[in-house]
Amino acid sequence: MEKIFDGKKTAKLGTEKNSAVVNVQTEERVKELESVFEENGWEYTIELEPDKPEEIRDLEILLNPLKTKIAEKKVGRNEPCTCGSGKKYKKCCGK
């Protein structure tokens, strides 16, 4: 089923309205992850489930946020060509 945009903005991950949820297998791992969350001031829920594989995707997203991509500036048609010929771009490499 395709998700339809409802116009509502989702809360930032790691906040009170959208806490991070992770599943771990051992008590030692719970303590390790608790310290990481507390150190950064993120809201979280850690579930201890020894029978299931570890799931820490929310923590990975918080530790490695997406970087904003900046588009490269395009050469204008009437600007000098980037190849250094001295001609306008439209008469040289922009054919």
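Arg-29 belongs to helix α1, which covers residues 27-40. The structure is a predicted model. Its largest nonpolar core comprises 12 residues, and its largest pocket has a volume of about 160 Å³.

**Arg-29 and its partners**
- The side chain of Arg-29 forms a polar contact of 2.9 Å with the side chain of Glu-54.
- Beyond its neighbours within four places in sequence, Arg-29 is in contact with Val-24, Glu-54 and Ile-56.
- Of these contacts, Val-24 and Ile-56 are members of the largest nonpolar core.

**The largest nonpolar core**
- The core is made up of Leu-13, Ala-20, Val-22, Val-24, Val-30, Leu-33, Phe-37, Trp-42, Ile-46, Ile-56, Leu-59 and Leu-62.
- At least two residues of this core come from each of β1 (20-24), α1 and α2 (57-63).
- Phe-37, one of the core residues, touches Ala-20, Val-22, Trp-42, Tyr-44, Ile-46, Leu-59 and Leu-62 when residues up to four places away in sequence are left out.

**The largest pocket**
- The lining of the pocket consists of Ala-11, Lys-12, Leu-13, Ile-61, Leu-62, Asn-64, Pro-65 and Leu-66.
- By class, this lining has 6 nonpolar, 1 polar and 1 charged residues.

**Thr-26, between β1 and α1**
- Thr-26 lies in the loop that connects β1 and α1.
- Thr-26 counts as partly exposed because its relative accessibility is 35%, a value between the limits of 20% for buried and 50% for exposed.
- The C-alpha atoms of Thr-26 and Glu-54 are 9.4 Å apart in space, with the two residues 28 residues apart in sequence.
- Glu-54 is also the residue whose side chain makes the polar contact with Arg-29.

**Ser-35, within α1**
- Ser-35 is located in helix α1.
- With a relative accessibility of 41%, Ser-35 is therefore classed as partly exposed.
- A polar atom of the Ser-35 side chain lies 2.6 Å from the backbone oxygen of Glu-32.
- Ser-35 and Lys-67 are separated by 32 residues in sequence and by 25 Å in space, C-alpha to C-alpha.

Methods
Residues numbered from 1 in each chain as written. Predicted model: local features only at pLDDT ≥ 70, side-chain atom pairs only at ≥ 80, totals over all residues. Heavy atoms only, no water. Helix = DSSP H or I, 4+ residues; strand = E, 2+ residues; numbered from the N terminus. Polar contact = N/O pair within 3.5 Å; in protein donor to acceptor, adjacent residues only side chain to side chain. Contact = heavy atoms within 4.5 Å. Core = buried A, V, L, I, M, F, W, Y, C linked by side-chain atoms within 4.5 Å. Buried < 20%, exposed > 50% of the residue type's maximum accessible area, 1.4 Å probe, protein only. 1 Å grid on protein atoms, 1.4 Å probe; cavity = no way out; pocket = protein on both sides within 12 Å on 5 of 7 lines; lining within 4 Å. Points joined across faces, edges and corners; volume = space filled by probe spheres on them. Nonpolar A, V, L, I, M, F, W, Y, C, P; charged D, E, K, R; others polar.
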